[in-house]
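Open the model in your viewer and keep the selection tool ready. Each stop below says what to select and what is there.

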Amino acid sequence: MQPFVFNTVPQLVCQPGSALALAERCRSLGIRRPLLVTDPGLLAIGLVQPVQAALEAAGVQVTLYDQVREDPPEATVEAAAARGRSADVDGVIAVGGGSSMDVAKVVAVLLAGSQPLRALYGVDQVSGGRLPLILVPTTAGTGSEVTPVAVITTGETTKAGVSSPVLLPDIALLDADLTLGLPPRVTAMTGVDAMVHAIEAYTSKLKKNPLSDILAREALRLLAANIRTAVSDGANREARAAMLLGACLAGQAFANAPVAAVHALAYPLGGHYHIPHGLSNSLVLPSVLAYNMPTAETLYAELAEIIVPAATGSAAALVQALQQLIADVGLPATLADAGVPAADLPMLAAEAMQQQRLLVNNPREVSEEDALAIYRAAYGEGA
């Protein structure tokens with residue numbers, strides 16, 4: 001067996017309604033004055049106010065930062081940190097999607113030390129600690145509540161990651177009630193995103209390990225069995241809970257066995273066309289799997305049996321099942337359908353090659369020429 005290290009959160013709470021008991025979790029960490037990080041959309045639909053009210057009713061003094069937006073820029077991180085400093089907060093809570101959780105992770109580090117934001121980018125660049133941190137996801141997709149990574153937008157089309165075990169929270173809290181109002185399209189995109197995490201973790205070239213394998217397989221089982229129901233019947237609490245747990249398990253898997261070419265080719269799509277991350281992954285997933293088939297066929301066949309029990313070890317069945325699932329949940333099937341110009345494909349291929357930290361994990365080596373061929377396959381006829 002290849003040696004491995006497995007890192008995850010100290011405590012995982014999985015219980016509907018548990019967000020309303022956050023004050024207990026705060027007390028266990030010595031948090032009395034938390035910064036609550038969220039986005040204006042969740043505030044507008046009234047999802048955050050009951051959580052904040054429950055905290056304040058229990059004597060916890062909350063400072064709210066509610067201006068996180070998708071693909072958060074550095075200015076958002078700095079503004080949230082400034083808000084926390086001015087209130088002298090002693091902990092950070094995020095209630096939201098991956099963007100809010102990523103901001104909260106970095107802010108918890110900034111508020112506890114003297115490093116500037118720019119010094120944190122890269123792997124293991126965090127030199128100090130962080131404030132106590134609780135992450136509460138409201139989407140079943142990113143798995144950010146159990147990953148040691150935060151992605152920040154650094155320019156018009158560029159992003160950078162902060163990767164350090166310090167970013168793992170003290171508590172990840174999964175409350176399916178917070179996901180009941182998630183729109184069908186968001187449910188579909190984030191759900192496929194989580195499935196990609198599981199698939200890429202299971203086939204990760206360098207750090208694949210027995211624990212990540214177990215988590216990836218169970219994550220894929222939960223997600224594949226429940227995503228259609230969650231999309232069509234958003235009030236189904238059991239399906240929502242299964243999706244939330246599946247996304248979390250996939251997050252634990254890829255936090256230790258990193259993602260690869262699907263994400264590497266998805267990032268330029270988000271940077272240039274502001275396509276949501278989950279949809280970007282979905283658009284290139286079948287084509288990347290087809291490209292990887294000569295190297296990863298055995299592993300894909302094992303995953304196919306989870307999604308399609310009658311597949312009897314057919315790797316091709318995995319690709320077919322995922323293409324059908326993408327259609328069933330109403331997502332566009334090709335880059336052309338998503339409005340990506342065919343003329344841009346060479347540029348996208350060149351930019352994807354900058355994601356070497358991800359591409360090294362891919363089961364099959366990817367050249368720029370290979371990336372262009374994958375994009376053309378993902379575009380459809382006429383590319």
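This is a predicted model: local features need pLDDT of at least 70, side-chain atom pairs count only at pLDDT 80 or more; totals for chains, interfaces and linings use all residues.

Residues are numbered from 1 along each chain as its sequence is written, and side-chain values use heavy atoms, with hydrogens and water left out.

**Stop 1: a buried residue in a helix**

Select residues 277–307, which form helix H10, and find Asn281 within them. Helices (H or I, at least four residues) and strands (E, at least two) are DSSP runs, numbered from the N terminus. Is Asn281 buried or exposed? Asn281 is buried, with a relative accessible area of 0%. Buried means under 20% relative accessible area, exposed over 50%, and partly exposed in between (1.4 Å probe, protein chains only).

Now show what surrounds Asn281. Beyond its neighbours within four places in sequence, Asn281 is in contact with Asp193, Val196, Val262, His263 and Ala266; contact means heavy atoms within 4.5 Å. With Asp193 there is also a polar contact, side chain to side chain, at 2.8 Å. A polar contact is a pair of N or O atoms within 3.5 Å; within protein, one must be able to donate a hydrogen and the other to accept it, and residues adjacent in sequence count only if both atoms are side-chain atoms.

**Stop 2: the nonpolar cores**

Select Met195, Val284, Leu335 and Tyr375: of the 89 residues in the largest nonpolar core, these touch the most other members. H10 supplies the largest share of this core, 15 residues. A nonpolar core is a set of buried Ala, Val, Leu, Ile, Met, Phe, Trp, Tyr and Cys residues joined through side-chain atoms within 4.5 Å. A second, separate core of 31 residues includes Val37, Ala81, Ala108 and Leu131.

Go back to Leu335. Leaving aside neighbours within four places in sequence, its contacts include Leu269, Leu283, Tyr375 and Tyr379.

**Stop 3: a pocket**

Which residues lie nearest the centre of the second largest pocket? Select Leu283, Pro286, Gln323, Ala333 and Thr334, which are among the 13 residues of its lining. H10 gives the most to this lining, with 4 residues. By type, the lining divides into 8 nonpolar, 5 polar and no charged residues. Here Ala, Val, Leu, Ile, Met, Phe, Trp, Tyr, Cys and Pro count as nonpolar, Asp, Glu, Lys and Arg as charged, and the others, Gly among them, as polar. On a 1 Å grid over the protein atoms alone, a pocket is an open set of points where a 1.4 Å probe fits, with protein on both sides within 12 Å along at least five of seven lines; lining residues have an atom within 4 Å of a point.

**Stop 4: loops**

Select Asp88, in the loop between helix H4 (74–86) and strand S4 (91–96). Asp88 has a positive phi of about 55 degrees although it is not a glycine, and it is exposed, at 52% relative accessible area. Next select His274, in the loop between helix H9 (261–273) and H10. His274 also has a positive phi of about 55 degrees without being a glycine, and it counts as exposed at 56%.

Finish at Asp66, in the loop between strand S3 (63–65) and H4. Asp66 is buried, with a relative accessible area of 17%. Its C-alpha atom is separated by 4.7 Å from that of Thr38, 28 residues apart along the chain.
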